[in-house]
Amino acid sequence: MPENLFKINVKEYILPGTRACQGCGLSLAYRHALKALRENTIVTLPASCLCVLHGLYPSTPVAVPCLNNSFAATAASAAGIAAGLQALNKTDLTVLAIAGDGGTFDMGIQALSGAAERETDFIYCCYDNEGYMNTGTQRSSATPLGAVTTTTPIATKQQHKKDFIKIMEAHEIPYIATCSPAYPIDLYDKFVKAKKIKGTRYIHINVPCPPGWGYPPRDTVRMGRLAVETAVFPLFEIEDGKFRFTSRSKTMAERGNKLPVINYLERQGRFRRMNIEQLRQFQAWVDKKWQEYLRRSQE
Ligand SMILES: Cc1ncc(C[n+]2csc(CCOP(=O)(O)OP(=O)(O)O)c2C)c(N)n1
Ligand code: SF4
């Protein structure tokens with residue numbers, strides 16, 4: 001049963017005073033994710049912007065128990081927590097492992113793949129700001145084609161983003177979802193649903209990042225909406241292998257409309273060196289993925 005605005009948990013688990021940047025998409029997303037998961041949750045996270053948001057010991061603005069772990073070990077630490085809870089017969093707690101794209105697509109993939117294959121009972125969330133942002137915007141395998149980063153400063157990134165959803169689908173886990181802080185009710189619903197499912201659940205959040213992407217902090221929600229409306233980042237869930245669009249992507253699929261990617265790219269400084277050929281490749285890549293999703297949504 002979908003939630004709506006009036007059913008959203010009014011309790012806050014991120015208190016005022018985080019160390020995230022102004023306009024950070026991660027803090028918006030994390031706020032709604034924790035509201036959906038509520039207090040009976042244990043979070044484990046690696047070095048990242050999220051770790052910075054959590055603050056310095058002994059003070060933190062986050063009002064649920066959290067474990068800081070090493071960069072590559074997020075899913076491994078979650079597996080340890082899940083095993084400990086099972087040994088203690090504590091069945092009412094949700095384990096949330098949450099890491100950036102660097103900590104997921106690159107550094108954390110081995111531990112995540114192992115935990116998913118063992119059907120570990122946890123939610124793994126990748127918040128994807130498309131770069132190693134905490135250390136100053138280095139390229140990751142989630143960085144899109146044509147973006148400038150500090151490790152691709154002149155020629156821009158030459159490769160498309162890794163299709164991480166396909167990798168997670170290959171593990172045949174019961175629940176996969178994408179979401180955006182620009183569509184908070186959709187995000188909230190997906191975490192509520194994931195909490196009720198057993199086994200490994202994977203949630204991928206598109207996280208607009210003002211300093212890393214090069215746009216004014218006031219435009220974070222706008223950037224998140226444009227990512228969805230251009231189909232650069234479609235919203236969907238895959239439950240037991242069944243694909244379904246949600247929220248704005250659902251209406252876009254029904255009406256057959258999506259904006260050209262240029263509407264999204266031209267507002268971000270990181271694409272300032274993109275050339276016409278890369279723009280063409282970017283649009284073709286998005287169109288191909290969108291067609292695949294459309295076909296699956298009709299199966
Ligand atoms: C093994 C290891 N290598 C490098 C670092 C330095 N480091 C800390 S955070 C970070 C970037 C993390 O990027 P990502 O996972 O994408 O999260 P974000 O910072 O974007 O939130 C790096 C490289 C580290 N802590 N450990
Ligand atoms: S660098 Fe980006 S993701 Fe990191 S805290 Fe700042 S706005 Fe958020």
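This is a predicted model: local features need pLDDT of at least 70, side-chain atom pairs count only at pLDDT 80 or more; totals for chains, interfaces and linings use all residues.
Eight strands form an open sheet with mixed pairing, and their order is β2-β1-β3-β4-β6-β5-β7-β8. At the edges stand β2, residues 66–68, and β8, residues 242–245. Each has a single partner strand, so one side of each is left without a neighbour in the sheet. From one strand to the next, the twist averages 15 degrees. In the case of β1, residues 41–45, and β2, the strands run parallel and are joined by three bridges. Within this pair, T44 stands opposite L67 of β2.

Helix α1 packs on this sheet, where it touches β1, β3, β4 and β6. The direction of α1 makes about 165 degrees with that of β4, which spans residues 122–128.

I turn now to the partner of α1 among the helices. How do α1, residues 25–37, and α7, residues 184–196, pack? Their axes are 8 Å apart and the angle is about 40 degrees. An angle over 145 degrees would count as roughly antiparallel and one under 35 as roughly parallel; α1 and α7 are therefore oblique to each other. Their crossing is right-handed. On the α1 side, the contact is made by A29, H32, A33, K35, A36 and L37. On the α7 side, the residues are P184, L187, Y188, F191, V192 and K195. Sorted by class, this contact has nine nonpolar residues, one polar and two charged.

Next, the ligands. Ligand 1 has 16 residues around it, and those that come nearest are C49, G100, G102, G103 and N134. By class, the shell of ligand 1 divides into seven nonpolar, eight polar and one charged residue.

Ligand 2 is surrounded by 13 residues, of which C21, C24, C49, M133 and C209 are the closest. Which element gives the largest share of the shell around ligand 2? That is helix α8, residues 210–213, with three residues. What is the make-up of this shell by class? There are ten nonpolar and three polar residues, and no charged ones.

How values were computed: Residues are numbered from 1 along each chain as its sequence is written. Chains are lettered from A and ligands numbered from 1 in the order in which they are written. A residue is near a molecule or strand if its C-beta atom, placed from the backbone, lies within 6 Å of it. Helices (H or I, at least four residues) and strands (E, at least two) are DSSP runs, numbered from the N terminus. Ala, Val, Leu, Ile, Met, Phe, Trp, Tyr, Cys and Pro count as nonpolar, Asp, Glu, Lys and Arg as charged, and the others, Gly among them, as polar. Axes are lines fitted to C-alpha atoms, for helices over the stretch in contact, and angles run from 0 to 180 degrees between N-to-C directions. Angles under 35 degrees count as roughly parallel, over 145 as roughly antiparallel, 65 to 115 as roughly perpendicular and the rest as oblique. A crossing is left-handed if the near helix is turned anticlockwise from the far one by less than a right angle, and right-handed if clockwise. Two residues are in contact if their C-beta atoms, placed from the backbone, lie within 7 Å. Two strands pair if DSSP finds at least two bridges between them.
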